[in-house]
Amino acid sequence: MTNTGGAVKKNPLAKFTKSIGTQRLIALLALIILYLVFGFINPAFRSYATLVNIFDASYYIGLMAIGVTFAITSDGIDLSIGTVLTCSALISGQLITKYHLPVALGLLVCIFIGALFGLLNGLMVSYMHLPPFIATLGSMMLSKGLGSIFTKAQSVTWPQSSQAEGWFRNIFKINQNGILIPTGFILLIVIAILASILLNKTRPGRYIVALGSNSEATRLSGVNIAKWRTLAYIISGTLAGLAGLAYASIYSTILPGGGGGFELDAIAGVVIGGTSMSGGYGTISGTLIGVFIMSVLKTGLPFVGLQSNWQQAVTGVVLVFAVFMDVMNRQKKKKV
């Protein structure tokens with residue numbers, strides 16, 4: 001006997017696709033295909049050293065992307081995360097190397113500076129009612145200037161792994177008898193899991209999602225929307241500060257005025273992973289997939305004879321496609 005109507009069983013593949021999300025599934029397939037294509041064109045891309053380089057390129061972008069997922073989900077944006085990364089690393093690095101601040105305290109200062117900028121952004125957006133684009137653009141310029149002013153436009157080199165003060169580098173990469181172990185990958189995954197739980201399983205996370213869906217309805221239901229929107233920006237800023245620590249651990253020397261453009265890579269990773277630019281939906285797992293797509297592109301393009309500027313062009317195309325997918329999904333939901 002054949003069932004009709006709602007009793008018809010769904011195709012297992014359709015169930016799987018729905019559970020993951022179409023855009024996340026496409027992003028995951030794109031990541032796998034990119035890695036295979038680069039490895040096929042140049043077998044050297046499949047080496048362990050290249051894999052470590054991919055991980056290295058993902059830490060600071062990934063941490064920023066996880067943080068800005070909260071801001072975007074709340075129907076906002078944070079353009080300051082790239083320069084906040086640099087500012088945090090410059091100031092804390094200068095305190096460690098020039099003013100002999102204990103390294104452990106310097107690491108906390110790096111994260112704290114990011115949190116302060118996140119708080120500033122949250123206050124401007126939530127209480128001063130500035131458009132997120134303008135508020136975070138102002139913070140971008142402010143953080144870029146403050147980092148240069150504090151270091152007198154001089155670069156800052158954090159302690160090397162060969163020095164006693166360089167122990168913090170083991171947080172992201174351990175050199176064990178010449179074999180590099182990307183310990184930062186474990187940290188990135190742990191933070192992603194915690195962020196996912198916060199966004200999807202806690203009251204603050206649900207409020208942040210509700211803000212993006214319909215802030216007025218959320219306000220009328222008695223929720224303090226300014227408080228929770230500010231929290232979204234504090235999370236974004238704090239993880240940008242942590243990203244500054246990751247960047248300093250991997251690349252050592254921090255240049256004043258740098259960081260511009262990092263935020264675009266992070267935001268691209270967020271959108272490619274399936275988070276809606278219109279707010280109301282965020283996915284941390286999708287963000288990680290998007291970040292690794294960016295890292296594979298950045299690392300893999302030189303292996304096929306293309307310069308890094310091709311990454312921006314390819315990223316632009318992929319980003320437009322991801323936003324188009326988001327628009328189509330939203331239109332489809334409205335019709336249902």
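View 1. Helices here are DSSP runs of H or I with at least four residues, strands are runs of E with at least two, and both are numbered from the N terminus. H9 covers residues 225–251, and its end C-alpha atoms sit 39 Å apart, which agrees with the 39 Å that its 27 residues should span at 1.5 Å a residue. That expected span is 1.5 Å times one less than the number of residues. H9 is mostly covered, with 22 of its 27 residues buried. Buried means under 20% relative accessible area, exposed means over 50%, and partly exposed is in between (1.4 Å probe, protein chains only).

A quick note on the model: it is predicted, so local features need pLDDT of at least 70 and side-chain atom pairs count only at pLDDT 80 or more, while totals for chains, interfaces and linings use all residues. Residues are numbered from 1 along each chain as its sequence is written, and side-chain values use heavy atoms, leaving out hydrogens and water.

**View 2. Two histidines in loops.** Most residues other than glycine have a negative phi. His-100 isn't a glycine, yet its phi is positive, about 60°. You'll find His-100 in the loop between helix H4 (81–97) and helix H5 (103–126), and it counts as exposed because its relative accessibility is 66%. His-129 also has a positive phi, near 60°. Its loop runs between H5 and helix H6 (132–151), and His-129 is exposed at 64% relative accessible area.

**View 3. A tilted ring pair.** Rings of Phe, Tyr and Trp (its six-membered ring) pair if their centres lie within 6.5 Å; planes under 30 degrees apart are stacked, over 60 edge-to-face, and the rest tilted. By that rule there are 14 aromatic pairs. Take Tyr-59 and Phe-172: they're tilted, 5.9 Å centre to centre with 45° between the planes. The pair links distant parts of the chain, 113 residues apart: Tyr-59 is in helix H3 (residues 48–73), and Phe-172 is in the loop between strand E1 (156–157) and strand E2 (174–176). Tyr-59 is buried at 1% relative accessible area, and Phe-172 is buried at 1%.

View 4. Tyr-60 and Tyr-247 pair edge-to-face, 5.0 Å centre to centre with 85° between the planes. Tyr-60 is buried at 4%, and Tyr-247 is buried at 18%.
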